[in-house]
Amino acid sequence: MATVVELAARYANFLVHPLPAGPGVCQVCRGPAKDGYPTCWNCHLAGAALGARVADAVVPVSLSLKGGQYAHELWRYKNTTGPQQRYFLTGLAAVLWRFLVLHEGCLARRCGLSGFDTVTTVPSTKGRADHPLREMAGGVVAVTRDRYRDLLTPTPEASALGRVPSPTRYASSALWGANVLLIDDTWVTGNHAQSASAALKAAGAKSVAIVVLGRYLNTGYGTTAAHVEQARLRRFSWESCAMRLGHHGP
Ligand SMILES: [Zn+2]
Ligand SMILES: [Zn+2]
């Protein structure tokens, strides 16, 4: 059987490290921000709607570019069936697994924690019982499955909320001071993931950190093309850390 390192290897050809937070780069989601603003517009709106219940940290494994291979796989793993779906689910599970082995400790330290005791996923907007992201984090990935809990469900009003961030989009099972690692596949506006964070904190989570497989960017939109061009100058390396400078091993 192929190892996680082998299964994840081909992704190094097309994953793109997000730019570090700073002028022009949102300090929450690492997407493009207007000069002079610490966050992008969507992260600003989420902060205004959810306050301290937004996640304590957000880390994208990679950018996911419209029309690119990674965006293609992040779509395929949940919108196809049969062997093709298994292939992409297995590959993306290896990406998550490899990333967490190397950097979950860095994320915990950034949140001032020694680790995360609970892992959960943002529910599918389609509300399917067999969401492949849940299968990934709760079944395939050995470093998350023993801590996995199926905590969140969309509320009856979720569909009427559209893309607006809201503390009432999801309901969570009760948590007594848990430190939660919340996993999502694609971040477009971040409103679903941040609404999920708010529900977890309302249910008693002490802290919530989000790992997102792909920070989706439409390169045909506004200043995004220049942002992506700059990000692509840096070669992808699994050991490169999004949370502390330099490279490191597990
Ligand atoms: Zn942002
Ligand atoms: Zn790291």
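1. A crossing of two helices is called left-handed if the near helix is turned anticlockwise from the far one by less than a right angle, and right-handed if clockwise. By this criterion, α3 passes α4 in a left-handed crossing. Helices (H or I, at least four residues) and strands (E, at least two) are DSSP runs, numbered from the N terminus.

2. The model is predicted: local features need pLDDT of at least 70 and side-chain atom pairs count only at pLDDT 80 or more, while totals for chains, interfaces and linings use all residues. Residues are numbered from 1 along each chain as its sequence is written, and chains are lettered from A and ligands numbered from 1 in the order in which they are written.

3. The axes of α3 and α4 come within 8 Å and cross at roughly 125 degrees; axes are lines fitted to C-alpha atoms, for helices over the stretch in contact, and angles run from 0 to 180 degrees between N-to-C directions. The two helices, α3 and α4, are therefore oblique to each other (under 35 degrees counts as roughly parallel, over 145 as roughly antiparallel, 65 to 115 as roughly perpendicular and the rest as oblique). On the α3 side, E73, L74, R76 and Y77 meet Q84, Q85, F88, L89, G91 and L92 of α4, contact requiring C-beta atoms, placed from the backbone, within 7 Å.

4. Four strands form an open sheet in the order β1-β6-β5-β2, with parallel pairing (two strands pair if DSSP finds at least two bridges between them). At its edges lie β1 (57-65) and β2 (118-121), each pairing on one side only. Between β2 and β5 (residues 179-187), which run parallel, there are four bridges; T121 has I183 in β5 as its bridge partner. Helix α4 (residues 82-110) packs on the sheet, where it touches β1, β5 and β6 (207-217), and its direction makes about 145 degrees with that of β1.

5. The largest nonpolar core has 67 residues, and L92, V95, L96, L182, L200 and I210 have the most contacts inside it. Such a core is a set of buried Ala, Val, Leu, Ile, Met, Phe, Trp, Tyr and Cys residues joined through C-beta atoms within 7 Å. Its largest share, eleven residues, comes from α4. Neighbours within four places in sequence aside, I210 contacts A55, V58, L182, D184, A193 and S197.

6. R30 is buried, with 27 other C-beta atoms within 10 Å (20 or more count as buried, 12 or fewer as exposed, and in between as partly exposed, with C-beta atoms placed from the backbone).

Conventions: Two residues are in contact if their C-beta atoms, placed from the backbone, lie within 7 Å.
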